[in-house]
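This report describes a structure with its sequence, part by part. Please keep both in view while reading.

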Amino acid sequence: MSPKKTVEVVRKKKADASSKKTLTAINDSATDIFKKIMKKKSPEMTFPIRALNNVKYDPKKGFFELIGKIKTRALNVNTVKAFAQTLRMMGFSKELLEANDIATKREAYYVSKNWGDARFKEQPESDTVMDDVEAMFRINREQLGFIPEEKGGAVAGQLVVVDKDPTTGRDLKIDCTKFGSGAYSVPTSVEHLKFETKAKFILAIETAGMFERLNKHGYWKSANCILISMGGVPTRACRRFIRRLSDDKNLPVYAFCDGDMYAFFNIYRTLKVGSGNAAHLNEFFCVPRARFIGITPQDIVDYKLPTHPLKDVDIKRAKDALKNDPFVQQHKEWQKAIQQQVKSGQRAEQQALAKWGLNYVLDKYLPQKLKNNKTWLP
Amino acid sequence: MVKKTVKQVDHAERLAKEQKTISVSQFFERNRHLLGFDNPIKALSTTIKELVDNSLDACQEIQVLPEILVQIKKCKDENRFVVIVEDNGPGIVKAQIPKVFAKLLYGSKFAKMQQSRGQQGIGVSASVLYGQLTTGKSSKITSRTGEKKPAHFYELHIDINHNEPEVIQEKEVEWLNKVHGTRVEIELEGKYQRGRLSVDEYIKQSAIANPHASITYIPPDGKSIKYKRGTEVLPKEPGEIKPHPYGIELGVLIRMMKVTASKTIQHFFTHEFSRVSSNVAKEICDKAGIPVTAKPHSFGHAEADKLFQAIKKTKIMAPSTNCLSPITEEILTKGLKKEINAEFYTATTRPPTVYRGMPFQVEIAFAYGGDLPGDELAKVMRFANRVPLQYMQSGCSITKGVLQTAWKNYGVSQSKGALPSAPLIIAVHIASVWVPFTSESKEAIAHYPEILKEVKLALQECGRKLGIYLRRKKRAADEEKKKSYIVKYIPHVSGALQELLALSDKDEQQIQVILKAQLEKERS
């Protein structure tokens, strides 16, 4: 049969225990609803609220934690559509788990087109319901049989990833120094990976462009590190990969991003403490030991970087962070940095360092920044 | 030096020979825009407006239900039209016909403190003059005052230099189907067009504000439109009142004192004004330092000014307001209903009140939805003493009131500084013994704070009623939507549960029955 089928056979062996647990949870929940209906009681579903106002941040724990605000969806005229869709999504998950199949979020959206009036008009609607189900059972969507579309990050440098050969099940050593101008790509599921490394730190980079530059000039060799390109907001798999790698090998993690609000709060904050949306999973999908080495608002001044003016959305984002983000509220340094940036009204991209020469970033900027932890942000 | 003086005298004398009174007709010839004849489009509509106003006023005076014909005929020259307006009013006695139609500023309503459509007696003769100026043609009048009287036909011209009528032709004619009434025919240069500022619109709005009138309108295309009567009830005859001291101007006060028959100033105040008792008159005189027995004829400017200032400082009761004749909520709604096919109507008539000593009253009606276009700005119909106002919408205090109302409170959207955006007609009527227009062409109402306030209060009253209606409508729509939701989605709840728990078809059906019953119950 096709190679894909074989992969699934392997998955089946591994996924069984977890699948059974999930299937039981789905069954229990559906049974509860069914019993309530038969007793003519109003059936309900409860979810943790997935928003920043339902998380707290304890720097000692290092990630956004749910504070237990709960949303109850009782079945009534207003909720009947969402109720029906959530049940349909649970049914689809059950189908996947029983067949040991997987579906991407996009595929799940297309499957809903068979649900008649309960189908989703746009994918964001189906993603939301999927997130609801995930939160309802407090499990990862991969455990429900759903996988994300996007791949999570590229890796290069002093690292050997020990994976398993999907066909034989034997250990497979992948040397991340041997990809030349390419890179190792983080798989969607990283729980089974093992690592061998002598690197001193992990450098998580926002843009693929900067990653390419550092990789091409073998920065990982001179600095003895592992380079990971996040490609914008890091996916769950990428966050989990960095987390596992840094925990296993006790490596510090430095984030190197643009100097703007999006980089600070959508990329770095999510990497470090997780998001409000997936708060029930943050404990595992975060990297509390990450530090922000640049581009800081002070770097823009110190390195006389070329800038662009802040847009209205940047300023709104900044105000919002100051007011509502528990992470920012815990860190005075971040508050100061935001205020400094808003006051200056300017932002800078990491590639702006090219103004001082294409390789200034690896010759001067990174070595200087890494030496001086006073220029970092927590 | 001497020579120079002589020369100056020469100049003055020469100038003196050139200086003369100009007749009001001559003045009009040069300043036709002041009376609403600025361009051919407006000239046509102003002429019709003046004639129709006169006809409605005339019918009002003898308390007869108006039966009016309005016709616009195209002439060979495409810039020329013949305007015909015929009514069933009292008619005009023979001797008066030439003066009424061919002498400017001749009329009975001038400076009369009574609610009426026309006020200055200038409109109809101005139309005759305009026709004469632009086409050289004389106007044709037919009028009959009663069953036993013959109908008189006149062809009239205005002697512009002297503002006097010039009779071209005069004869007795037979007017078989009319016992009493007047027919006016004026040929003039004009332009006929459709749209917001058209004659068509004017006639339609007149029919709305005067539902007791039956109007037959024949536009140039010859396709007759009949505006049927919406009520048999005649409007209340408005009363006449004396001026209130607060509304008087110094010059008017001086003139009144010159012509009064009163021998003492106290008598003058109590008899020539409303709401002035002997005590109040005495108070005014005391404040002015003038004895109550002084003769008003002997007063100069200084005394008059003292009295004028004293009036301002004296507390005088507001004028009586029972002289006003509002359309009334019921009749105004009927007027809208018969001409506008909407789904919701509401109206409100405010209690009468006073600006500068002049009683006035505001009433408003809304028509919402139905055939009205939903994606356009609301349409404002303005009326003053039942006459539609078409021009200068933006300069009118009615429009200002509409713009300053917070329509969002009533479920109607409105961009900043714009009219509300909704399938809505807002008809605003102001009745007053003296409507303060911003100009003689009577197109916009001046921004008196009292008037603006009343307009806004009336809009709010109607707005609240509209808001209630719209909320109810939305609720009904929501109910409908919910009902369809139940039908649509319950089978998915049961279907999904059946799949999840491998339920029997019987259980699945059972779920549907239970849930439907529960959700239906919840709705009511």
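## A hairpin in chain B

In strand 5 of chain B, V167(B) is the bridge partner of L156(B). Strand 4 (residues 151-159) and strand 5 (residues 164-173) of chain B pair in the antiparallel sense, over nine bridges. Two strands count as paired if DSSP finds at least two bridges between them. Helices (H or I, at least four residues) and strands (E, at least two) are DSSP runs, numbered from the N terminus. Strand 4 and strand 5 of chain B form a hairpin with four residues between them, and N163(B) in the turn has a positive phi of about 50°.

The model is predicted: local features need pLDDT of at least 70, side-chain atom pairs count only at pLDDT 80 or more, and totals for chains, interfaces and linings use all residues. Residues are numbered from 1 along each chain as its sequence is written, while chains are lettered from A and ligands numbered from 1 in the order in which they are written.

## A helix with a buried face

Helix 10 (residues 301-313) of chain B has 13 residues. From its first C-alpha to its last, helix 10 of chain B reaches 19 Å, close to the 18 Å expected at 1.5 Å a residue; the expected span is 1.5 Å times one less than the number of residues.

Which residues of helix 10 of chain B are buried? They are A304(B), L307(B), F308(B) and I311(B). A residue is buried if 20 or more other C-beta atoms lie within 10 Å of its own, exposed if 12 or fewer, and partly exposed in between, with C-beta atoms placed from the backbone. Seen down the axis of helix 10 of chain B, the buried residues fall within an arc of 105°, so they line one face of the helix; the arc is that of the directions from the helix axis to the C-beta atoms. These buried residues pack against helix 7 (250-259) and helix 9 (278-288) of chain B; contact requires C-beta atoms, placed from the backbone, within 7 Å. On the other side of helix 10 of chain B, A302(B), K312(B) and K313(B) are exposed.

## The sheet of chain A

Chain A contains an open sheet of six strands in the order 10-7-13-12-14-15, with mixed pairing. Strand 10 (184-185) and strand 15 (290-294) of chain A each have a single partner strand, so one side of each is left without a neighbour in the sheet. Strand 14 (residues 253-256) of chain A runs parallel to strand 15 of chain A, joined by four bridges, and A255(A) stands opposite F292(A) in strand 15 of chain A. Helix 8 (residues 261-273) of chain A packs on the sheet and touches strand 12, strand 14 and strand 15 of chain A. Strand 14, helix 8 and strand 15 of chain A make a right-handed β-α-β unit: with the strands pointing away from the viewer, the path from the first strand over the helix to the second runs clockwise.

Four bridges also join strand 12 of chain A to strand 14 of chain A, again in parallel. Here I202(A) has V253(A) as its bridge partner. Both faces of strand 14 of chain A are covered: V253(A) and A255(A) are buried on one side, Y254(A) and F256(A) on the other.

## Where the chains meet

In total, 21 residues of chain A are in contact with 20 residues of chain B. On the side of chain A that touches chain B, helix 2 of chain A gives the largest share, nine residues.

Conventions
Two residues are in contact if their C-beta atoms, placed from the backbone, lie within 7 Å. Axes are lines fitted to C-alpha atoms, for helices over the stretch in contact, and angles run from 0 to 180 degrees between N-to-C directions.
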